[in-house]
Amino acid sequence: RPNSIRQKISSGQPVINGWLAIPSSYSAEVIGHQGFDSVTVDLQHGMIGIDAALSMFQALSSTPAIPLARVPWNDPAQIMRLLDSGAYGIICPMISTVDDAASFVSSCRYPPHGQRSFGPARGFLYGGADYYPQADKEILTLGMIETQAGLDNLDKILEIDGLDGIYIGPNDLALALGSVPKSESDDPVVMKAVEHIRARAIAHGKIAGIFCSSGEAAAMRIKQGFQMVTPGNEAALMANAAKAAVSTARGA
Ligand code: 3PY
Ligand code: MG
């Protein structure tokens, strides 16, 4: 099955990515039906383990959204398990060095391109009977740039073959730059770093993505030239909608 995220990006259309923090196949199914191009199951800061992730990928399979996972760390075992569970791309936190990026990409690719172990399980069910040998070119690898070292080594990281793009973690990036964690920081130092990362990714022909806190923020990032955005996670979207409904009901 072709990864439609690649086609969208190459035809110049922005990718709107959903984000799941609640360990529920029902939430995943509901979000997957809302028009997102892709939906990321977040095993780093989401309250989600591998067992819940499996049922969430199954739910996402019943929707048009491409299933992605953010892994808790750059750990080959975790990355390979999530790919076997049917993730069609991995977002990996805290990519700080060339070695981090090379190891991450290697975990996602079969030999001779990488060290991924063979046993695709749900890969076949989601990707199809030709999962192997298509997987290496369909599975998306996005490294998160959100540390000072990641910023310092950015150009060398972007040179890694097989790394499809970067995803900015604006909260960790702000912390790394001595600022307060915020998705849309107005600290000029953070704003400059965000723009620098975006511009270098594009210059290297790689995908420039970023986490955002709302639809408005995501639209602003697209205007800035980001190709892949996340308009908040489902827990925040639900909380905001619930709060607004309560307030409307009270006539406030
Ligand atoms: C960050 O902002 O640091 C993220 O990783 C987004 O989830
Ligand atoms: Mg982060």
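**Reading a barrel in a predicted model**

In this predicted model, Cys212 has Pro231 in β8 as its bridge partner.

Me: To which strands does that bridge belong, and how many bridges join β7 to β8?

Reply: In general, the strands of a sheet pair through backbone hydrogen bonds, and the pairing is either parallel or antiparallel. Here strand β7 (residues 207–212) and strand β8 (residues 228–231) run parallel and are joined by 4 bridges.

Me: What do the 8 strands form together?

Reply: They form a closed barrel with parallel pairing, in the order β1-β2-β3-β4-β5-β6-β7-β8, and neighbouring strands of this sheet are turned against each other by 25 degrees on average, with direction ignored.

Me: Which strands do helices α2 and α5 touch or lie across?

Reply: Helix α2 (residues 25–32) lies across β1 (15–20) and β2 (38–42), and runs at about 165 degrees to β1. Helix α5 (residues 98–108) packs on the sheet, where α5 touches β4 (89–92) and β5 (140–145), with its direction at about 155 degrees to that of β5.

Me: How many helices and strands does the chain have, and why can the chain be called as compact as a globular protein of its length?

Reply: The chain has 13 helices and 8 strands. Its radius of gyration is 18 Å, close to the 18 Å that the globule rule gives for 252 residues, and therefore the chain is as compact as a globular protein of that length. Of these 252 residues, 45% count as buried.

Me: Which residues surround ligand 1?

Reply: The surrounding residues are His45, Glu146, Gly169, Pro170, Asn171, Asp172 and Phe211; by class, this shell has 2 nonpolar, 3 polar and 2 charged residues, and its largest share, 3 residues, comes from helix α10 (residues 170–176).

Technical notes. Residues are numbered from 1 along each chain as its sequence is written. Chains are lettered from A and ligands numbered from 1 in the order in which they are written. This is a predicted model: local features need pLDDT of at least 70, side-chain atom pairs count only at pLDDT 80 or more; totals for chains, interfaces and linings use all residues. Helices (H or I, at least four residues) and strands (E, at least two) are DSSP runs, numbered from the N terminus. The radius of gyration is taken over C-alpha atoms; the globule rule is 2.2 Å times the number of residues to the power 0.38. A residue is buried if 20 or more other C-beta atoms lie within 10 Å of its own, exposed if 12 or fewer, and partly exposed in between; C-beta atoms are placed from the backbone. A residue is near a molecule or strand if its C-beta atom, placed from the backbone, lies within 6 Å of it. Ala, Val, Leu, Ile, Met, Phe, Trp, Tyr, Cys and Pro count as nonpolar, Asp, Glu, Lys and Arg as charged, and the others, Gly among them, as polar. Two strands pair if DSSP finds at least two bridges between them. Axes are lines fitted to C-alpha atoms, for helices over the stretch in contact, and angles run from 0 to 180 degrees between N-to-C directions. Two residues are in contact if their C-beta atoms, placed from the backbone, lie within 7 Å.
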